[in-house]
Structure formats: structure tokens, C-alpha cells
Amino acid sequence: MKFGIYVGPIYPGEMDAADAFDLARAMAHTAHESGFDGIFAAHHYALGPSHQMFHPFTTLARLAAECPGGYLGTACFILPLAQPLGVAEATATLDVICRGRLLFGVGQGYRVPEFESFGIPRHERSARLVEAVRAIRTLWADDPATYEGRFYKFAGVSISPKPIQRPGPPVWVGADTVESVARVPEFGDAWIASGRHTRTFIRQALPGYRKRLEEFGRPFEGVPMFREMHVATDSRRAAEEMKESFRALYESYARWGQPGERYDLEFDQLKEERILVGSPEEVAERVREYRDEFDVPFMWFRLYYPGMDPELALETIRLFGHEVIPLCHRSTEAVRDTAGT
């Protein structure tokens, strides 16, 4: 099981942009030095004036140069708002930069201002997502490449460089309903379970997802997963340190119309099925539960919430890297030893 962090991904609108990027760099460096396996970046347009977010492609390229050797992930890039040829070349470049360790997470988006600003009908987002993934795969793999669809078409074109991963990086797909999760195997390599998904929802979505994989003759290889997380020396302190900033962010999500399950719940209710919060031992136990139930190959975390003291996020990264990761790895080794005997 591998671990990563979100660099941010959302910063307060009133924070100086250079300071916000310095915090993203500090989180990436701290994670790199603390044993994490990768860096993930999210994607939105037009979050101002209340919030800000850095574009994932440029952010990941910069951080890869400073923290080499790890995975780079987008989770999730809003693909219906982009042109496949440009995305194919940008992601191929990122895959070269990180020596074949790009994890390309995509989603269909949901915020009305984004679709209105790009002049793209929101009701087309699902169809555009599927078609764009197929077009990008064609550009990554074929030379020359030809594709003709409802929204995108090209003939006899070649991108260079190609991705190091052949025929291309894995495409992980975000989906928020049982029905949309079951459709992921039709065009994607894996479903991303979001931090807004409860364990109950993941359990409900998995049977249809696994059935569709079987229909395509593909094995189930686990669920890549994003979780909200905060670690402190004890559980009470951990909850108090993140509670208010977490609540404020999820209130913003509710205003933006983010899909998924209910957000208007008390912190303790949200914590039960969505947040990993507590001491290193408690968080390690929760991680192991997810790993064992859902075969999680890669789990990454949001550690900073707008309004939080940045040092708390950095300390969480250090505690998780130095204490939680070794606890998780030791438990895996113990299971293997037991199975071997």
C-alpha cells in the first residue's frame, strides 16, 4: 500500500498567493522526507474570491523537480473542460518528468460557474469525459493517431514525447453514484473513492463495479482512495485541531453544489465514516481497516484546511510518515509472515 498527500489543495482567498505556494512546497518537501510515495493535486477553475487553487499540471511539474522519485497524481482533473490533444501532451510530459509514475485521475466536474464560463453544456459532461479519455488514450498509444467522436476528432496526428508508461498512464476516474461507479470499467482503469464518500457508500458501490470488471474480463485491483486526515499526539487534540476548519470547508462544498452524500452533519458523524483523525496508533488502525476491506493500493490525504495553522498540517505529515506508515507496513509484513507459515 502506498501513501500520498494533496498539496493543499484549497487555500484561503485572502492568503498571499506566494505564501500559499510556499506552503504547498513545504508540504511536498515534508512528505518526501517523511516516507510518502506521492504528491497529488486537485483541479478547479474560478474558485475566487473566497478560495484559491493552483493548476495541477504546472504545480506537479515544479514539485517533481524538487521532490524527485515519487508518484505524481491528479485527483481529479476536470476533463470535460479541456481539449484532449492538449491534455495528452501535458500528461505525457508529466509522465516523462516523473519517470513513468504519473497517475492520471479524472472527473466530470460539477460546478455550474465552470461549465458556464467555458461555454460547455453541463449535461454533456459525462459523455465528454468518456470520449476525452478514449481520445487521450489513442493519442498516447498510436502513431499516427486518428479518432472521430461526437465532441472530438483528429486524423493522422502524432504527439511527442509519448508517455514512458505504455500504452499510457493509468486513468483513475472519480464517480459519485452507484450507477456511475459501475460505468467506470467501460473507459477507466480504476474508480477513485473520494473523501466525501462514506464507507457505507463504498460498500454499496463495489458490487456493481466488480461485476462490470468481470464482464470486461478484468481483475479487481482495489480502490485508490482519498481520505480526510489529521494526526496528533492524542485523539482529542487531533479532533479539536481540525474540527472548525474542516467544517468551514465542507460548508463551502455544500454551497458549491458538490455531489455525493450529506455534508450537513455534526463533526462526530462525519468523522465516523469519512475522516481518519486521532493518535498515530488510531489512524494506523483505521488505515488498516480500509486496506483490508477495500484492497486499497494507494491512499492519499488532505492535511491542510483553509484557516488551519499550516504548521499543524506539516506536523501531521511528519507524524504520519514517521509513525503511522511504519505501523501499517509492520502489520502487512506480519500478515505475510503468518500466511507463509
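Is Glu124 buried or exposed? I would like to start there, keeping in mind throughout that what we are looking at is a predicted model. Glu124 sits in the loop that runs between helix H4, residues 112-118, and helix H5, residues 125-141. Its relative accessible area is 13%, and because the cut-off for buried is under 20%, Glu124 counts as buried. If we set aside residues up to four places away in sequence, the residues that Glu124 touches are Arg150 and Phe151.

Let me move on to a pair of helices. In general, two packed helices are described by the angle between their axes and the distance between the axes. Here the axes of helix H7, residues 199-215, and helix H10, residues 280-294, come within 12 Å and cross at roughly 10°. Since angles under 35 degrees count as roughly parallel, H7 is therefore described as roughly parallel to H10. On the H7 side, the contact is made by Arg199, Ile202, Arg203 and Leu206, while H10 contributes Arg286, Glu289, Tyr290, Glu293 and Phe294. Sorted by class, this contact of H7 with H10 has 4 nonpolar and 5 charged residues, with no polar ones.

Searching the whole structure for cavities of 30 Å³ or more turns up 1, and the volume of the largest cavity is about 40 Å³. Its lining is formed by Val7, Pro9, Tyr11, Ala41, Ala42, Met53, Phe54 and Thr59. By class, the lining of the largest cavity comprises 7 nonpolar residues and 1 polar residue, and no charged residue is found there.

Key
Residues numbered from 1 in each chain as written. Predicted model: local features only at pLDDT ≥ 70, side-chain atom pairs only at ≥ 80, totals over all residues. Heavy atoms only, no water. Axes fitted to C-alpha atoms, helices over the stretch in contact; angles between N-to-C directions. Helix = DSSP H or I, 4+ residues; strand = E, 2+ residues; numbered from the N terminus. Parallel < 35°, antiparallel > 145°, perpendicular 65-115°, else oblique. Contact = heavy atoms within 4.5 Å. Nonpolar A, V, L, I, M, F, W, Y, C, P; charged D, E, K, R; others polar. Buried < 20%, exposed > 50% of the residue type's maximum accessible area, 1.4 Å probe, protein only. 1 Å grid on protein atoms, 1.4 Å probe; cavity = no way out; pocket = protein on both sides within 12 Å on 5 of 7 lines; lining within 4 Å. Points joined across faces, edges and corners; volume = space filled by probe spheres on them.
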